[in-house]
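Subject: Handover of a structure and notes on it

Dear colleague,

Please find below the structure that I am handing over to you. My notes on it follow directly after.

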Amino acid sequence: MGKFLAAKIARFTDLLMDAVCMVDAEGRFVFVSAACERIFGYAAREMIGMQMIDLVAPADRERTLSAARAIMDGQPTAHFENRYVRKDGKIVHIMWSARWSESDQLRVAVARDITAAKQAETMQSALYAISEAAHASDDLPALFEHIHQIIGAMLPAPGFSVALRSDKGGCVEFSYHVNAHGRTEPHPLACWLGEEVLRSGQAVLLTPATAAALPPALQAAAVLPDCWLGVPLTTGQGHIGVLMLQSGDQPDHARYTDQDRELLMFVSHQVATAIQRKQLHSRLRFMAQHDELTQLPNRRLFLDRLQMAVARAQRHQCRLALLFIDLNKFKQINDEHGHACGDLLLREVAHRLKHCVRESDTVARLGGDEFVVIVEEVLVADDALQIVDKIHQVLAAPMLLATGLGLAITASVGVAHYPEHGADIEQLMRYADQAMYAAKQMEEHTG
Ligand SMILES: Nc1nc2c(ncn2[C@@H]2O[C@H](COP(=O)(O)OP(=O)(O)OP(=O)(O)O)[C@@H](O)[C@H]2O)c(=O)[nH]1
């Protein structure tokens, strides 16, 4: 090829969508085609003489240097991918094909900007991962942790919060909150951001440069070197909450950009749907396991809990007590004051029974006016008897119902102890039921 033609071709490389670069043995750019300015943001004259590695994103430097060494050892590379930091601080994803020219002592490389394709791929896999997480997570806290991991793989997210619209009013309640130091109280800035995003329904990007727009009390906090990004969680029912990221003390190029905001907005729809699905699932599960009137565990959940409590007591060789409680003459209350008044009384009884035991013990409603209590870690039989006394006392205190009526009620209580009165749940329940029946007989004779 004549010298004249070669010079012409060199000029045509400016037309290429891909960039052509030449790097010398010391790793400095000696030639860059015009496309480099579009991809890297530096003019050709600025790039010439720069160390190639200085432009590579720090996390990819080691990998890039070892690929460069392999190329210089005579192994041409066709699809090497790494990330560069543009002059404006944005990250670009590049796919390289490169070869070492021994005679020219130059590495000749063609670079393709694959950022858009990479982002689409990232977004696609994040959307898929979020919908998978909605199935794989047992409950909302587990789902939030999953979502934190998924979003943390796309964007820096040492700080991550999900705040949901409170049932009680228009404001937000933090359902998940982690910052770079672990789980702490939400920062006042996070609270403000949550309210602001929910109020406006718009994404908000807070950087130290935008701190002046904040309420004066928060401005000092926002001068920290980190960025905040909040996006609404939107479903068909409107804005159900806010997703917030906090960058932590990151170098400039790791701060959030408008691109990140768009990415998070896009993903947030999937997150909102996943949260809503999980909330609905949790509500359905709660309804299947609890009594609608008193919100206490129902018979099914009680049987599960009793089974587990007996297994635990067996394993640790400790005791437990099972209390069967049946209200006395409850039918009369219904008959004299009406069913609605009976309902209020059952609710109040449930509330009082719960206060007779520890949080870890179970109070359940078997149906009608029958309640049960599982008391774990009972040391001596007397412990359970003290609880029985307490139950009689709390029920005897008149219950001021919403109707203004004050009613007192008594109950018959039967107690079964594990292991003395039964080795399994059937035996224990039979014993407690009989003991309760005996107590009722006694009550009827004496009362
Ligand atoms: N208000 C209300 N009443 C209920 C509910 N479930 C069952 N009942 C009523 O509870 C009453 C239970 O009657 P009984 O088993 O005879 O109980 P009791 O009147 O306390 O009789 P003793 O236990 O022998 O003292 C019945 O009248 C049922 O209709 C409920 O959810 N709400």
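Leaving aside its neighbours within four places in sequence, Pro398 is in contact with Gly406, Leu407 and Ala408; two residues are in contact if their C-beta atoms, placed from the backbone, lie within 7 Å. Pro398 sits in the loop between α14 and β14 (399-400). Helices (H or I, at least four residues) and strands (E, at least two) are DSSP runs, numbered from the N terminus. The C-alpha atoms of Pro398 and Ile409 are separated by 7.7 Å, although the two residues are 11 residues apart along the chain. Pro398 is exposed, with 10 other C-beta atoms within 10 Å. A residue is buried if 20 or more other C-beta atoms lie within 10 Å of its own, exposed if 12 or fewer, and partly exposed in between, with C-beta atoms placed from the backbone.

Two points on the source should be kept in mind. This is a predicted model, in which local features need pLDDT of at least 70 and side-chain atom pairs count only at pLDDT 80 or more, while totals for chains, interfaces and linings use all residues. Residues are numbered from 1 along each chain as its sequence is written.

The chain as a whole

The chain contains 15 helices and 16 strands. Of its 447 residues, 32% are buried. Among contacts between residues at least 6 apart in sequence, 55% join residues at least 24 apart.

Helix α14 (residues 381-396) has 16 residues, which at 1.5 Å a residue should span 22 Å; its end C-alpha atoms are 23 Å apart, which agrees. The expected span of a helix is 1.5 Å times one less than its number of residues. The buried residues in α14 are Ala384, Ile387, Val388, Ile391 and Leu395. Seen down the axis of α14, these buried residues fall within an arc of 100 degrees, so they line one face of the helix; the arc is that of the directions from the helix axis to the C-beta atoms. The face turned away from the buried side of α14 carries the exposed residues Asp382, Gln386, Asp389, Gln393 and Ala396. Covering the buried residues of α14 are, among others, β11 (319-327), α13 (339-354), β13 (370-378) and β16 (411-418).

For α15, the 22 residues should span 32 Å at 1.5 Å a residue, and the end C-alpha atoms are 31 Å apart, which agrees. Leu428, Tyr431, Ala432, Met436 and Ala439 are buried in α15. Down the axis of α15, its buried residues fall within an arc of 135 degrees, so they line one face of the helix. Glu426, Ala438, Gln441, Glu444 and His445 are exposed on the other side of α15. The cover over the buried residues of α15 includes β11 and β16.

Helix pairs

The axes of helix α6 (residues 115-136) and helix α10 (residues 258-289) come within 9 Å and cross at roughly 10 degrees. Axes are lines fitted to C-alpha atoms, for helices over the stretch in contact, and angles run from 0 to 180 degrees between N-to-C directions. The helices α6 and α10 are therefore roughly parallel to each other. Angles under 35 degrees count as roughly parallel, over 145 as roughly antiparallel, 65 to 115 as roughly perpendicular and the rest as oblique. By class, the contact of α6 with α10 has 11 nonpolar, three polar and two charged residues. Here Ala, Val, Leu, Ile, Met, Phe, Trp, Tyr, Cys and Pro count as nonpolar, Asp, Glu, Lys and Arg as charged, and the others, Gly among them, as polar.

Helix α12 (residues 330-337) and α13 have axes that come within 6 Å and cross at roughly 135 degrees. The two helices α12 and α13 are therefore oblique to each other. Phe330, Ile333, Asn334 and His337 in α12 meet His339, Cys341, Gly342 and Leu345 in α13.

Backbone details

The peptide bond from Tyr418 to Pro419 is cis, with omega near 5 degrees, and Pro419 is found in the loop between β16 and α15 (425-446). Gln295, in the loop between α10 and α11 (299-316), has a positive phi near 65 degrees without being a glycine. Gln295 is partly exposed, with 14 other C-beta atoms within 10 Å.

Yours sincerely
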